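Dear colleague,

Please find the structure below for your review. My notes on its contents follow directly after it.

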Amino acid sequence: MIHNRTLHALEFGKITEHLAGLCCSGVGREAALAVAPLPDGEAVTLAARLYEEAAAWAARPVGDGGKGFSLAAFPDVGGLLRAAERPQSRPDADAFWALREVLRLAQSAHTAIDTPDAPRHWPHLLELTQAAPMPVQLTAALNRCISDDGLIRDESSPELYRLRGELRRLHQSCMRKVKDFALQYNMLPYLQDEFMTLSSDRYVLPLKANFKGRMQGIIHDWSQTGETCYFEPMFLVEINNRLQELKHEEREEEQKVLAYLRDLLNAELPGAWAALDLLAQLDVLQAKRRLADLFDGRCISLSPVEEGISLLEARHPLLALARSKNAGADKTGIDRRSSEAAGAPVRPLDILLRPGERALVITGGNAGGKTVCLKTLGLMVAMTLSGLPVPAGKGSHLPWFSRMDAFIGDEQSLDDNVSTFTAQIDHLAKAWKHLDQHGLVLLDEFGAGTDPAQGAALAQAVLDELLDKHTFVLAATHFPALKSYALTREGARAASMLFDPATKKPLFKLAYDQVGASQALDVAREHGLPEAIVRRAEHYLLQDGQDATALLGRLNDLAAKREEELTTLRAEQEKARHAAQQSRERLEKERLRLHEEVRGKAAELMRAWKEGRATSKQALKEMSRLRASLAPAAEPEEQSVLPRPQQFAPGQSVLHSVFNKRGVITDVDERRGRVRLDMNGVNLWAEMKDLRESGGKPAQPAAPRAAVKRGDDIASLRLDLRGMRADQALAEVERFLDKALLAGFSEVEIVHGRGTGALRREVHEFLRGFPAVDQFTLAPEDRGGDGMTIVTFR
């Protein structure tokens with residue numbers, strides 16, 4: 001567990017408040033404020049996976065496997081659902097309209113998540129929706145009975161439909177009678193306006209006050225100025241009486257509809273709660289994604305305790321959030337002793353404990369960032385264990401911590417009559433029995449509130465016992481004894497917050513396996529303490545013989561220089577990586593361009609041969625020329641790697657640089673400067689200048705075993721690739737397909753054998769890119785099964 005006292009010290013509540021502010025609904029904000037560390041590692045891992053799946057689901061293109069979905073603000077119907085559990089509840093139409101909106105949104109979320117590819121891409125998110133079954137009957141009834149403006153629809157029941165139809169007819173009849181009466185008795189001069197209105201739920205006429213005695217009727221009301229009275233003529237009394245009857249029957253029917261909806265809600269109340277809970281969880285997941293976007297965060301993984309702690313490029317979450325909003329750091333409440341909190345950029349830290357290490361002792365100057373470092377680790381642990389993203393780099397990991405205790409800041413209490421030191425000891429004593437290998441303790445200047453010698457001894461003893469318990473501990477200190485302790489104690493590691501050698505300003509960087517000076521006198525001088533006081537302090541320090549500032553300053557200078565060199569090296573490495581990536585992308589684009597160009601020219605060549613514009617010999621020659629035109633680009637690279645042979649002799653294995661194929665010399669023509677090559681059964685004359693040393697074992701000619709046969713209705717040709725290497729086999733397939741096309745075959749067979757299936761995959765990949773292939777399938781069992789592929793041409 002993580003005690004509330006620790007969460008308060010780490011200001012975890014400000015994170016949940018910020019998360020709640022990113023939610024779009026009241027119920028989501030309540031769920032965000034309730035976010036807390038989870039009970040076990042499995043729950044943390046599940047929360048991280050759910051976050052990643054929700055991010056992938058939200059980032060998918062609209063229409064890619066389902067309908068688009070966007071979670072917007074929705075009403076909180078929790079009060080309605082709680083009231084529905086009481087028998088005497090009477091929800092009105094507005095309440096049911098709010099429930100309808102929630103159920104509609106939940107149904108849209110179900111549809112958007114439950115796509116055919118959901119089990120593969122977001123299985124945990126799908127499981128979340130499946131665990132919240134929709135109240136189907138209630139949703140359908142609300143859609144039928146409640147309109148978009150929150151009123152009860154006419155179609156809610158047959159009787160209501162009839163009553164409202166009669167009311168509309170009554171209104172039309174009344175309008176007609178009023179118009180006829182006004183025209184018949186010339187009433188228009190008596191009326192204030194040419195319209196009929198309602199007063200006390202009865203049809204009335206706006207009569208001018210000075211004409212109120214001209215006709216018989218009932219005055220229901222007066223205007224504010226007193227110039228108009230709302231007058232019900234006697235001929236409207238009967239109509240208004242009927243209107244009242246219909247209105248009464250309408251209200252009764254509406255109550256029946258609401259009672260029907262209330263009964264459905266009571267019957268499917270668990271489903272309604274599940275729908276509201278689903279939307280609340282989706283709202284919190286969306287807020288987590290927005291939080292991660294603000295500080296470029298991610299959910300980091302949990303690792304075994306043996307692997308230690310690795311937080312790469314970690315930034316304090318509250319400082320990172322403040323910078324993302326361009327706000328002052330004083331709004332976050334972070335320790336103002338750090339000048340980083342006063343406006344400097346948030347510099348990332350690498351907080352590392354290697355396997356076998358359990359304690360990290362941080363030293364360095366005042367206002368150098370030691371406390372911020374402790375809070376960064378503590379807050380990130382609390383956020384990770386709560387399933388929240390944190391501002392850390394890729395590759396970061398933390399072990400599962402069942403308990404974390406932080407001793408940070410001034411814990412004195414005048415009410416309880418305890419000092420800072422007493423409060424820390426009391427807190428540690430209560431937590432001690434619960435600490436084990438899954439615990440984490442953060443100690444900020446522990447023991448500093450008492451005699452320095454006794455405080456340092458007590459701090460060392462605490463670290464000793466924590467290491468014996470295999471508890472992780474991060475301690476910030478100025479005690480010289482703890483500095484030497486961190487360098488010599490097995491299982492402990494020292495680190496120092498660096499400062500600039502020239503300006504004495506903190507760099508907010510951690511240098512490992514060294515200790516740093518406290519820089520108290522430099523800080524005092526910088527913050528305006530009289531120079532005379534600082535000089536006297538330096539004099540007393542020299543008298544005591546305890547000034548190791550020069551040595552520690554030299555160590556700091558070396559470490560700062562090393563960090564600067566590492567930063568430069570990382571920048572150069574990133575620049576080289578980026579350049580290599582750009583080069584690979586350019587090469588890939590060029591390869592694709594050439595591939596499309598070759599495919600287009602090959603297709604044009606096939607059309608020319610089929611249309612009779614080129615003979616088979618011309619087509620083969622043009623194909624060879626086309627292949628050869630692509631080879632010179634690779635020639636300089638081959639020449640730079642493979643030298644030309646000094647002499648040529650039959651039986652010698654060489655590489656033909658134009659075709660990039662190996663072959664064996666069978667004849668030499670010295671006079672013409674050429675040799676005859678056998679390249680896997682293909683014999684040709686090649687120029688000596690195009691030959692290079694093979695660089696491998698002499699290639700053995702492996703002529704393909706081919707059998708040509710023609711049937712009555714189709715022609716078939718078989719190529720046997722068994723026993724060939726992949727590159728050799730693909731060259732044979734390419735030559736074989738060219739010849740088959742020129743020979744007019746519509747279907748061919750390629751025998752590659754079963755084996756491991758590697759050769760079959762290579763052949764199939766080649767066939768997918770061959771422009772003249774219409775389709776290819778494995779042969780039936782009686783013709784070879786998966787050891788042979790049948791290819792059909794376009």
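The largest nonpolar core has 56 residues, and Leu-311, Leu-377 and Leu-442 are those with the most contacts inside it. A nonpolar core is here a set of buried Ala, Val, Leu, Ile, Met, Phe, Trp, Tyr and Cys residues joined through side-chain atoms within 4.5 Å. Buried denotes under 20% relative accessible area, exposed over 50%, and partly exposed in between, with a 1.4 Å probe and protein chains only. Helix α14 (residues 370-385) supplies the largest share of this core, 9 residues. If neighbours within four places in sequence are left aside, Leu-377 is in contact with Ile-309, Leu-311, Ile-351, Leu-398, Leu-440, Leu-442 and Leu-474; contact means heavy atoms within 4.5 Å. Another core, of 53 residues, lies apart from it and includes Leu-81, Val-102, Leu-126 and Leu-138.

Please note the basis of these values. The model is predicted, so local features need pLDDT of at least 70 and side-chain atom pairs count only at pLDDT 80 or more, while totals for chains, interfaces and linings use all residues. Residues are numbered from 1 along each chain as its sequence is written, and side-chain values use heavy atoms, with hydrogens and water left out.

For the protein overall, the secondary structure comes to 24 helices and 24 strands. These are DSSP runs numbered from the N terminus, helices being H or I of at least four residues and strands E of at least two. Of the 794 residues in the protein, 46% are buried. Among contacts between residues at least 6 apart in sequence, 66% join residues at least 24 apart.

Helix packing

Two packed helices are described by the angle between their axes and the distance between the axes. The axes are lines fitted to C-alpha atoms, for helices over the stretch in contact, and the angles run from 0 to 180 degrees between N-to-C directions. Angles under 35 degrees count as roughly parallel, over 145 as roughly antiparallel, 65 to 115 as roughly perpendicular and the rest as oblique. A crossing is left-handed if the near helix is turned anticlockwise from the far one by less than a right angle, and right-handed if clockwise. For residue classes, Ala, Val, Leu, Ile, Met, Phe, Trp, Tyr, Cys and Pro count as nonpolar, Asp, Glu, Lys and Arg as charged, and the others, Gly among them, as polar.

Helix α3 (residues 26-33) packs on helix α12 (residues 269-295) at an angle of about 65°, with the axes 8 Å apart. That makes α3 roughly perpendicular to α12. Their crossing is right-handed. Val-27, Gly-28, Ala-31 and Ala-32 in α3 meet Leu-276, Ala-280, Asp-283 and Val-284 in α12. The residues of this contact divide into 6 nonpolar, 1 polar and 1 charged.

Helix α2 (residues 12-21) and helix α13 (residues 317-324) pack at about 40°, with their axes 10 Å apart. That makes α2 oblique to α13, and α2 passes α13 in a left-handed crossing. Lys-14, Ile-15 and His-18 of α2 make the contact with Pro-317, Leu-318 and Leu-321 of α13. By class, this contact has 4 nonpolar, 1 polar and 1 charged residues.

The axes of α6 and α9 are 9 Å apart, at an angle of about 125°. That makes α6 oblique to α9, and the crossing is left-handed. Phe-96, Leu-99, Arg-100, Leu-103, Arg-104 and Gln-107 in α6 meet Leu-138, Thr-139, Leu-142 and Asn-143 in α9. The contact divides into 5 nonpolar, 3 polar and 2 charged residues.

Individual residues

His-110 is placed in helix α6 (residues 93-113) and is buried, with a relative accessible area of 16%. Neighbours within four places in sequence aside, His-110 is in contact with Thr-129, Ala-132, Met-134 and Leu-278.

Ala-131 is found in the loop between α8 (123-130) and α9 (136-145). Ala-131 counts as exposed, at 60% relative accessibility. Ala-131 and Ala-274 are 143 residues apart in sequence and 8.0 Å apart in space, C-alpha to C-alpha.

Most residues other than glycine have a negative phi. Glu-445, in the loop between β11 (439-444) and α16 (452-468), has a positive phi near 55° and is partly exposed at 23% relative accessibility. His-470, in the loop between α16 and β12 (472-476), likewise has a positive phi, of about 65°; at 45% relative accessibility, His-470 counts as partly exposed.

Yours sincerely
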